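Here is a short walk through one protein model, strand by strand. Take a look at the picture, then read on.

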Amino acid sequence: MDKHVNLNVKCIKCGKSLMDHQKMINNMPSIALNISHKDKTGKIWLCSNYGCYQHEKNIEVPDKEIVNFYCPHCEELLNSDIKCKSCEAPIVKFNIYIGGVVSICSRKGCNNHYVMFEDLSTAISKFHRAYGM
Ligand SMILES: [Zn+2]
Ligand SMILES: [Zn+2]
């Protein structure tokens, strides 16, 4: 598959775009979210490349800690009741514009802490239809 599948995602609660065109990672708009850990709050920018681990944030979070993710528009908590298969931390979900869901693990340093499709085959076939890949 194409390693450079670029995701365009929106909030599962309010439907507004989470893409930050001011903050580029790997030359693409990043996925911007508000985060909190204990008494600290900040922002995180995730690479929008499917399968990419890269991200930037403006607060320090120790490894293995769970981070709360919030929509920057509606400020709803995006950590869901669904648990990560590797570490049981809450999974954070986003809707993809063309359909489908991506999810990341909310625990720092977890292997699931990157952009991934919930249903890879469905999502990939939608990409093929949408972009003619
Ligand atoms: Zn929202
Ligand atoms: Zn995890």
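## Around β8

Strand β1 (residues 9-10) and strand β8 (residues 90-96) pair antiparallel over two bridges, with Val9 sitting opposite Ile96 in β8. A quick word on terms: two strands pair if DSSP finds at least two bridges between them. Strands are DSSP runs of E with at least two residues, helices are runs of H or I with at least four, and both are numbered from the N terminus.

This is a predicted model, where local features need pLDDT of at least 70 and side-chain atom pairs count only at pLDDT 80 or more, while totals for chains, interfaces and linings use all residues. Residues are numbered from 1 along each chain as its sequence is written, and chains are lettered from A and ligands numbered from 1 in the order in which they are written.

Back to β8, which also pairs with strand β7 (residues 79-83), antiparallel and over two bridges. Here Asn79 stands opposite Val92 in β8. Then there is strand β9 (residues 101-105), antiparallel to β8 with five bridges; Phe94 faces Val102 of β9 as one opposite pair. The β8 and β9 hairpin has four residues between its strands, and Gly99 in the turn has a positive phi of about 115°.

## Around β3

Now for strand β3 (residues 28-37). Four bridges tie it, antiparallel, to strand β2 (residues 19-25), and Asp20 stands opposite Ser30 in β3. That hairpin has two residues between the strands, with Asn26 in the turn at a positive phi of about 55°.

On to strand β4 (residues 40-46): seven bridges join it to β3, again antiparallel. Ile31 has Leu46 in β4 as its bridge partner. This hairpin, too, has two residues between its strands, and Lys38 takes a positive phi near 50°. Strand β6 (residues 68-70) pairs with β3 as well, antiparallel over three bridges, and Ser36 stands opposite Asn68 in β6.

## The core and the whole chain

What sits in the largest nonpolar core? It has 24 residues, and Val9, Leu18, Ile31, Leu33 and Phe69 touch the most other members. At least two residues of this core come from each of β3, β4, β6, β8 and β9. A nonpolar core here is a set of buried Ala, Val, Leu, Ile, Met, Phe, Trp, Tyr and Cys residues joined through C-beta atoms within 7 Å. Buried means 20 or more other C-beta atoms within 10 Å of a residue's own, exposed means 12 or fewer, and partly exposed is in between, with C-beta atoms placed from the backbone.

Setting aside neighbours within four places in sequence, Ile31 is in contact with Val9, Leu18, Met19, Trp45, Leu46 and Ser48. Contact means that the C-beta atoms, placed from the backbone, lie within 7 Å.

Zooming out, the chain has one helix and 10 strands, running β-β-β-β-β-β-β-β-β-β-α from the N terminus. Buried residues make up 28% of its 133 residues. Among contacts between residues at least 6 apart in sequence, 41% join residues at least 24 apart.

## Two loop residues with positive phi

Most residues other than glycine have a negative phi. Lys64, though not a glycine, has a positive phi near 75°, and it lies in the loop between β5 (55-57) and β6. Lys64 counts as exposed because it has 11 C-beta neighbours inside 10 Å.

Glu88 is another non-glycine with a positive phi, near 70°. Its place is the loop between β7 and β8, a hairpin with six residues between the strands. Glu88 is exposed because 12 other C-beta atoms lie within 10 Å.

Terms used. Contact = placed C-beta atoms within 7 Å.
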